[in-house]
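I opened this entry to keep track of what I looked up, going from one part of the fold to the next. Where are the covered parts, and what do they pack against?

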Amino acid sequence: MSTYRIKPIHKLNHSAKRKSKILLAIVAALLALGVVSAMAMVSVFGILLPDQEDVAELDGKAVDFGNIQISKVGEGQIPKEYIPIYKAAGEKYNIPWTLIAAIHRVETNFGQDLNTSSVGAIGHTQFMVKTWVGWSFPGGTRLGDASIPKETLMNPAAISKYGGFGVDGDGDGKADPYNVTDAMYSTANYLAANGGASGNYQKAVFAYNHASWYVSRVMGFMNEYTSGSVEAVSIKGGSAKGSEAIEKAIKVGSSIVGKSPYVWGGGRNQGDINARNFDCSSYVRWAYSSAGVDLGPVSATTTDTLIKRGKVVKASEMKRGDVIFFDTYKINGHVAIYLGDGKFLNDSSSQGVSVGDLNTKYWKDRFNGNVRRVA
């Protein structure tokens, strides 16, 4: 597993070639005719509009604002009142605060343009409303726009119900995308869930907006605002003996290592359980159920339900017995029980019930930093 630390900076190559003048002329004509909005054109063609210039590679004397030092460029551009908010959100979700600041800069120029985008994105960091409240909310467009009442959109209980990323960052009982604290916590939450918590920052930014120019632009600003670059570092530990329930779950789960093949959809009835036919989520549920810990109903426990169990734990602080997630065929598509020192118990499609290692390339690339403490 990994977290981040600061080392002497190495500039990212974030210069991007602009598209041809012919394409820009076509875009300008379409915009003039009102055929399509600017944001939609960016999404379709992946171009840089006039206010999306390449980020200049500027050097400056560092000014210390905590664990990450802000560059002279960042000191001049980032509103100082937002820095404590970025830092608090980054600390909670294990995301560099200058990355959050870069997203804020690119999306709304630090909140100076809070207009709803042409496709329906809202707030300080331009969330689609269904991403904010959760994609299980009924209706809406394939892009994530929907008619969602304000009292539902900003309700933490509704967001939890529908699996959204909106967060009540300031504790006022509402998760408001137009509240800068809530927006930054939500952005950090989304980045963490999409690879950022384990150090896959470019992957996380690409998940935020599926465009290479966007990744280059955000990472470029992050690099300009930071006097040190982010480096993934290996962490060992978390192997101290856990509670009685944790140790029993691990003992039960370990008893069938090498003896139980992976069965897609298995483990959701008593016959499968008796035959030890599990998939990854039903295996984790069974192991903890054997220790008296309820992680959900036999017939309906999946990675999508397990990600909502227990409490969120930073990847840098996970301990033996924590439930950890991987992006495989989908985000949070695989789940396992952490053993400590980078090892974990899981039921994988290739090896069945087995012990995996976070330090191997396959698992290291797929571990997304989502950790839940369930016992």
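**Entry 1: a covered helix**

I began with helix H14 (residues 280-289), which is mostly covered, nine of its ten residues being buried. By buried I mean under 20% relative accessible area, with exposed over 50% and partly exposed in between, using a 1.4 Å probe and protein chains only. Helices (H or I, at least four residues) and strands (E, at least two) are DSSP runs numbered from the N terminus. The buried residues of H14 are Cys280, Ser281, Ser282, Tyr283, Val284, Arg285, Trp286, Ala287 and Tyr288.

I note that this is a predicted model, in which local features need pLDDT of at least 70 and side-chain atom pairs count only at pLDDT 80 or more, while totals for chains, interfaces and linings use all residues. Residues are numbered from 1 along each chain as its sequence is written, and side-chain values use heavy atoms, with hydrogens and water left out.

**Entry 2: the sheet**

Next I followed the strands and found an open sheet of six, in the order S5-S10-S6-S7-S8-S9, with antiparallel pairing; two strands pair if DSSP finds at least two bridges between them. Its edge strands are strand S5 (311-312) and strand S9 (352-357), each of which pairs on one side only. H14 packs on this sheet, touching strand S6 (323-326), strand S7 (334-340), strand S8 (343-348) and S9, and its direction makes about 45° with that of S7. Contact here means heavy atoms within 4.5 Å, and axes are lines fitted to C-alpha atoms, for helices over the stretch in contact, with angles running from 0 to 180 degrees between N-to-C directions.

I then went through the pairs of strands. S5 and strand S10 (residues 367-373) pair in the antiparallel sense over two bridges, and Val312 has Arg372 in S10 as its bridge partner. S6 is joined to S10 by three bridges, again antiparallel, with Ile324 opposite Val371 in S10. Because six of its seven residues are buried, S10 is largely enclosed by the rest of the structure.

S7 and S8 pair in the antiparallel sense over three bridges, and Gly340 stands opposite Lys343 in S8. These two strands form a hairpin with two residues between them, and Asp341 in the turn has a positive phi of about 55°. S8 is joined to S9 by six bridges, the two running antiparallel, and they form a hairpin with three residues between them. S8 is itself mostly covered, with five of its six residues buried.

**Entry 3: the nonpolar cores**

Which residues touch the most other members of the largest nonpolar core? Of its 58 residues, I found these to be Ile78, Tyr86, Leu99 and Tyr214. Such a core is a set of buried Ala, Val, Leu, Ile, Met, Phe, Trp, Tyr and Cys residues joined through side-chain atoms within 4.5 Å. The largest share of this core, nine residues, comes from H9. Apart from it lies another core, of 26 residues, among them Ile246, Val252, Tyr288 and Ala291.

Leu99 touches Leu191, Tyr201, Val205, Val218, Met219 and Met222, with residues up to four places away in sequence not counted.

**Entry 4: helix H4**

In H4, I listed Ile83, Ile85, Tyr86, Ala89, Gly90 and Tyr93 as the buried residues. They lie on the same side of H4, because they cover an arc of only 160° around the axis, the arc being that of the directions from the helix axis to the C-beta atoms. The buried residues of H4 pack against strand S3 (69-70), H5 and H9. Just after H4, Asn94 takes a positive phi of about 60°.

**Entry 5: aromatic rings**

My search of the whole structure gave 21 aromatic pairs. Rings of Phe, Tyr and Trp (its six-membered ring) pair if their centres lie within 6.5 Å, and planes under 30 degrees apart count as stacked, over 60 as edge-to-face and the rest as tilted. Trp213 and Tyr214 form an edge-to-face pair, 5.8 Å centre to centre with 80° between the planes, and both are buried. Ring pairs link Phe127, Trp132, Phe165, Tyr190, Tyr208, Trp213 and Tyr214 into a cluster.

**Entry 6: a loop residue**

Last I looked at Thr125, in the loop between H5 and H6. Thr125 counts as buried, at 1% relative accessibility. Leaving aside neighbours within four places in sequence, Thr125 is in contact with Ile103, His104, Glu107, Ala183, Met184, Thr187 and Tyr208.
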